[in-house]
Every structure is written in C-alpha cells, then in structure tokens.
Amino acid sequence: MKDDNFLKEHNARALWHPMGAPGDSMANPPVIISSASGSRIRDIDGHETVDGVGGLWCANLGYSNDAVKEAIAKQLHELPYYSAFAGCTNPSAIEASVAVQEFFAEDGIGRVFFTSGGSDSVDTCLRLARQYHQVKGAPTRTKFLSLKKGYHGTHFGGASVNGNNRFRIGYEPLLPGCFHLTAPHAYRNPYDEADPAALARKIAAEMVDEIEFQGPETIAAFIMEPILGAGGVIVPDPTFMGLMREICTRYGILMIADEVICGFGRTGDWTGSRHWGVRPDMMSVAKGITSAYFPVGAALISEEVAEVFEKDTSGAAAIWHGYTYSAHPVGAAAVTACLSETLRLDTRTNAAARGTQLYQGLLGLKEKYDIIGDVRGGHGLMTAIEFVTDRAKKTPMDAATVKTIHSRVYEAGAMVRPAPPNLLMSPPLIITEAEVRTIIEALDTAIGSV
Ligand code: PMP
C-alpha cells in the first residue's frame, strides 16, 4: 500500500468520485476511510467515528462479519468465476438463488435474476416488465410511471424513472414514455397538504388520471421505493403503497418495488413492501443482499409473472439480457452467507428498536433547534433531518452550511450523509444503543456550534 501522502495527493487527481464535480474533490478532498470494524470506521489520519451511513445504506451487518468473509474466501479458492450464460452455471449461484427464494417466500417471490448492483436490478425489472407484456400479447404496454423524488440508480432506464432532475439533466434525452407522479412528501408537496393520508389519496387520484390520460393499454409498470431513500427519507402514509398496488392491479400494470435500500431489514421488516402489507410483482434488490461484502443485486420475480415467461412456447420469453457477473460464484457465496447471518442475527428487530431510538433522538433535537424544519424516519434505520433558515416559511438551508454541520458531526464522532438541505442516516443494522447515542450527541454538538 502506498503511503498516506501519496493517497492524499492522488485522491482527487487520479480518481473521479461518483456524485460530485471533479473540481470540487480537488478543492475539498474526500475523507479516506482505511479500516473498519463493527459499526465503526477509521480514516487514514486515525480519526474513528460511528458509521451513521452504513457505507451507503448497505453495510447492514457492519464490517466484521467473519461468516461472510470466510464464505467469500472459500469460494475464491474453489471457483473464483464461471458464467451463467450459454448453458452453464455454478453451484454457488444455485444455492444463493434458493436462499433468496426462501428469504422472500412470504412475498410471493418465485424466481431470482442476479445482477451486479442496484442500477442493474432496476433496469432488469424495467426490461422484464416490457417483455412480460409482449409475451402476454400486449406489446403496446411500454410506458413507465414512477414518483418524483424517487431514486432508481443511474443506468439509462433507472435515470428515466428517477424523480430528481439532478440525475437527469445533462444526460438527456432519456427513455421516452416515462411519467412522474407527485412524491408522498407531507412536508413539501404542490398540494400544500400536510395530512399524509389525504396526500396519499390525492396522489392515487393523480395516478388514475395519468393512466386514463395515457391509456392503460400503453403502460407497462409503476416503480416506487417503499420508503424513498436518496430523495430524503420520504416516508409515505401507511396506506400509500397499498393504494398504488390496488390501482396497478385494476389496470393490469406491473408494480415494481425498488427495495435496493429498504430490503433485508432496514425498515424493521425484511422488505419495505411487507412493512406496508404489499406484494409487488417484481422487486429490485442489492446492498443488503451481501451487506456490501461483494457487489451483487437481483431482480426478484413473482410466481405469477414467472409463470407467464415459463409457459410461453413462442420464443418471446427468451431473456436476451444479463451481465457478465450475473450469478458470480463469489458474489453468490456472499449472498448465501449474508442471508444466513441476517436471519441468525435477526437484524430487522434491532433495526426497528435502534431506528426508534434514533428517530426519537432526532425529534428531541428538533425541539431544541429552530434550524431543524423536519425530521423523518420512525420505520427502522432510515432517518433524515431537513434544515431550514426559517421554520415557518420552510426556507431550505444553503448547501454550504449543511456541509459545515456535516463536517462538524464527523469531528464530533459520527459519519452522516450530506444531501442538502438534508442530513441522512442509515447505520449498520447491528448498531448498538450506545453507538446510536453517539450519533445523536455528535449531531447535537455540531448543530449547536452553528
Ligand atoms: N435504487 C435505489 C432505491 C437506490 O437507493 C440505489 C442506490 N442507492 C439504486 C437503485 C442504485 O443502486 P447502485 O448504486 O448499486 O447501482
């Protein structure tokens, strides 16, 4: 390993960082995290903090899970790679697909299509949704509906259904035929509706209106995150996803749940959909499927959708889609071990308890500081603080001040994620009570200092 000075010098010069201007990372070099254990991370200057971000909503089991590490090492020695294309596969992939199927049996999941990450999984679901309708003899069903403020990765399909124009402008033209509905965001919405249940009904009516306007026979699928993560931890009313499900069913539209963040315990249940009592037709998953020990994602397909593909005799159901690393044996070994550990440690129960603790702590900070306009969470370990300069007018705080708060939280002992005017928190699901307290105390110190 090169020395620290070499790393600092080349951090921005050789490496372009995702989600930011290359020039910015020259001026404000990103922190270099060089080691981690449990729910704690250390940078190359030796500063240790509680990882309030969980890597990127993904290190659900923390950084010291020996069972997952050993399964990966064993598989690397046995068979580091073989493809699942052209009439081949590998034992590790088969075992992992059964583990995933069993994990999601209660959600009606019948088949597993492995990918290399979340964006791959979203685009796989979108493509399979169109193909499903083709196989069923409804080739005009090609359009997609999604939510503003939703995040679905950065491939062209995912970016097209993405509801934040930061990920769209600069990369257009995107996929035609994608339409966006109002986000179920009670704090900020165009209806000025603060009652989440009433807002849910308004968006449901908007959806019906849009479907009737487009023509139901032109729409393939609707995609949503059960709790919108990157858009600022937007927690819909408990009725919202069920209303969307009912409308999809009524109009023959497939419902895709983007569970890339919510899946595997983060919301306090094994999926966000299950948390809201909904069975989607497909799910995109990643992150918690390996707890980030190896890059893997999957498109999960319901029994009903699988049956349409499997019964086809015309040839239309051949899946001309896939990735070199779909069903990668090492990734698959990580999946099997990670799911086994996730169940053994019952991470959803800890996520629910620690999530409540974190949410209550943030509500306490809101009482204390006027610059906190909104606190969102209360469903597992997905929480956000939204900063304002005027609480009554909900004026968003400028990005520079939010970033200053973020740096001071880090100095005070916790890593959180800046997404101005929000700070987002999604720690490992194994986090302890004392570590959650450290996050709240670090936020208190930092916010008090501005
Ligand atoms: N969907 C959701 C809901 C996500 O949060 C993300 C990533 N944060 C993605 C898709 C894309 O996943 P990836 O970055 O692994 O491609």
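Predicted model: local features only at pLDDT ≥ 70, side-chain atom pairs only at ≥ 80, totals over all residues.
The secondary structure of the protein consists of 15 helices and 16 strands. The radius of gyration is 22 Å, which agrees with the value near 22 Å that a compact globule of 450 residues would have. Of the 450 residues, 49% are buried. Among contacts between residues at least 6 apart in sequence, 71% join residues at least 24 apart.

Two packed helices are described by the angle between their axes and the distance between the axes. Helix 15, residues 433–449, packs with helix 14, residues 399–411, at an angle of about 135°, and the two axes are 8 Å apart. Helix 14 contributes I405, R408 and V409 to the contact, while helix 15 contributes A442, L443, A446, I447 and S449. By class, the residues of this contact comprise six nonpolar, one polar and one charged.

Helix 15 also packs with helix 13, residues 347–368; here the angle is about 20° and the axes are 10 Å apart. Because angles under 35 degrees count as roughly parallel, helix 13 and helix 15 are described as roughly parallel to each other. Helix 13 passes helix 15 in a right-handed crossing. On the side of helix 13, the residues in contact are R354, Q357, L358, G361 and L365; on the side of helix 15, they are E433, V436, I439, I440, L443, D444 and I447. This contact is made up of seven nonpolar, two polar and three charged residues. L443 and I447 of helix 15 take part in the contact with helix 14 and in the contact with helix 13.

P29 lies in the loop between helix 2 (22–27) and strand 1 (33–37). With 15 other C-beta atoms within 10 Å, P29 is partly exposed, since a residue is buried at 20 or more such atoms and exposed at 12 or fewer. Leaving aside residues up to four places away in sequence, P29 touches K8, N11 and A12. P29 and T383 are 354 residues apart along the chain, and their C-alpha atoms are separated by 26 Å.

Notes:
Residues numbered from 1 in each chain as written. Helix = DSSP H or I, 4+ residues; strand = E, 2+ residues; numbered from the N terminus. Contact = placed C-beta atoms within 7 Å. Rg over C-alpha atoms; globule rule 2.2 N^0.38 Å. Axes fitted to C-alpha atoms, helices over the stretch in contact; angles between N-to-C directions. Nonpolar A, V, L, I, M, F, W, Y, C, P; charged D, E, K, R; others polar. Parallel < 35°, antiparallel > 145°, perpendicular 65-115°, else oblique. Left-handed = near helix turned anticlockwise from the far one by under 90°.
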